[in-house]
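I opened the notebook to go through this chain one region at a time. The entries below follow the order in which I looked things up.

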Amino acid sequence: MKALTIAAAALALAPSVALAAVCNADNVLRALRGHSAVASPFCSTYTLPPPNQPLPTYVSAYPASRVSSACSCFITATPTTLTTSRTSTSSTSSSTTTPSSTESSTSSSTTTSDPTPTPNRCQGDAITNGDFHLGANGKPDPWVFSPATRSDGGSTSTSFGEGYASLSVSNVETSDFRNYGTTTIKQSIPGLCPGVRYVLTYTSQISINGGRPGALCRVYYNLNSVGTLVYIGPPSGGIPPFTKDTRTYEFYYNGNGNPDVLTIQLTCNSPSGSYLVDDVHLIGYGP
């Protein structure tokens, strides 16, 4: 009778022992398996009482009790156990697999390391060094300061300092103001995203010497792929900023998305004119 009693007790304990050996693959255990190279030495000491180590970043969002429990499963798991579980899940044999062990094998087989986020070119500033800060070479890269595109009997120039760019035109004056000059600065930018809202901002100030009816200066902000974004000057453009002024222009990009060029252009037929510009930004608000 004593032998039967012992045997019955052993049978009664067998299911609980089997269940105790099963570990459910929750998010904490998955995180440890996804960082197995560094999780192994961490868990080997963290399970020793008391668990007072700082938590690694990949499990820092979970309570210490859950991390300790997951570590216990992590350091006792073996590749053989995982392989056997996967075989029993896909096999058509009559072997018995508990729901918890099936979940463990399925979750473990699909665990991957943390993905590296991909930069989104539809968000943020498309302009580099819009504040015109000088680099080690003494230039505000990557801005390109172009020579004159045209000057009739005068001169044009572009220059820069720490925190600004300047475009200047000087013409030989005539009674009909037929002489004019044009100069530009520009920057190559990544392709913008079609259909996305962009906001162009800039701070500038214009000076016109000898200005009178018929003698004037105009400013253009152009994108190669879409044409003129901003026009300042008569007869239908914005009012020239004769004092330092910050302005914005919002638009939805409808170009082809190829690499582009932003050009800032000054054209004058007055005796002379200059345009100072700073804080140029082109911010995308894409998904």
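Which residues of α4 are buried? I list Val67, Ser68, Ala70, Cys71, Cys73 and Phe74. Buried means under 20% relative accessible area, exposed means over 50%, and partly exposed lies in between (1.4 Å probe, protein chains only).

**Entry: ground rules**

I am working with a predicted model, where local features need pLDDT of at least 70, side-chain atom pairs count only at pLDDT 80 or more, and totals for chains, interfaces and linings use all residues. Residues are numbered from 1 along each chain as its sequence is written, and side-chain values use heavy atoms, with hydrogens and water left out.

**Entry: the whole chain**

I find six helices and 12 strands in the chain. Helices (H or I, at least four residues) and strands (E, at least two) are DSSP runs, numbered from the N terminus. Of the 287 residues, 37% count as buried. I then looked at contacts, meaning heavy atoms within 4.5 Å. Among contacts in the chain with a separation of 6 or more, 73% are between residues 24 or more positions apart.

**Entry: α4 and its partners**

I went back to α4. What do its buried residues pack against? They pack against α2 and α3 (36-46).

I checked the length of α4 next. The expected span of a helix is 1.5 Å times one less than its number of residues. The 13 residues of α4 should therefore span 18 Å, and the end C-alpha atoms are 19 Å apart, which agrees.

Then I took the pair α2 and α4. The axes of α2 (residues 27-34) and α4 (residues 64-76) come within 9 Å and cross at roughly 55°. That makes α2 oblique to α4. Axes are lines fitted to C-alpha atoms, for helices over the stretch in contact, and angles run from 0 to 180 degrees between N-to-C directions. Angles under 35 degrees count as roughly parallel, over 145 as roughly antiparallel, 65 to 115 as roughly perpendicular, and the rest as oblique.

I noted the handedness too: α2 passes α4 in a right-handed crossing. From α2, the contact uses Asn27, Val28, Leu29, Leu32 and Arg33. From α4, it uses Arg66, Val67, Ala70, Cys71, Cys73 and Phe74. By class I get eight nonpolar, one polar and two charged residues in this contact. A crossing is right-handed if the near helix is turned clockwise from the far one by less than a right angle, and left-handed if anticlockwise. For the classes, Ala, Val, Leu, Ile, Met, Phe, Trp, Tyr, Cys and Pro count as nonpolar, Asp, Glu, Lys and Arg as charged, and the others, Gly among them, as polar.

**Entry: α2 against α3**

How do α2 and α3 cross? Their axes come within 6 Å and cross at roughly 115°. The two helices are therefore roughly perpendicular to each other. I see Leu32, Arg33 and Gly34 of α2 meeting Ser36, Ala39 and Cys43 of α3. The contact of α2 with α3 has three nonpolar, two polar and one charged residues.

**Entry: the loop between β1 and β2**

I moved to the loop between β1 (123-125) and β2 (144-145), where Leu134 lies. Leu134 counts as partly exposed, at 32% relative accessibility. Leaving aside neighbours within four places in sequence, Leu134 is in contact with Lys139, Pro140, Phe160, Gly161 and Glu162. The C-alpha atoms of Leu134 and Phe160 are separated by 8.9 Å, and the two residues are 26 residues apart along the chain.

I checked the backbone of this loop. Asn129 is found here, with a positive phi of about 55° although it is not a glycine. Is Phe132 buried or exposed? Phe132 is buried, with a relative accessible area of 0%. Pro142 also lies in this loop, and a cis peptide bond joins Asp141 to Pro142, with omega about 0°.

The peptide bond from Pro234 to Pro235 is cis, with omega near 5°. Pro235 lies in the loop between β9 (227-232) and β10 (245-252).

**Entry: two strand threonines**

I looked up Thr248 in strand β10. Thr248 is exposed, at 58% relative accessible area. Not counting residues up to four places away in sequence, Thr248 touches Val199, Leu200 and Thr201.

Thr263 is buried, at 9%. Beyond four places in sequence, its contacts include Thr184, Ile185, Lys186 and Tyr220.
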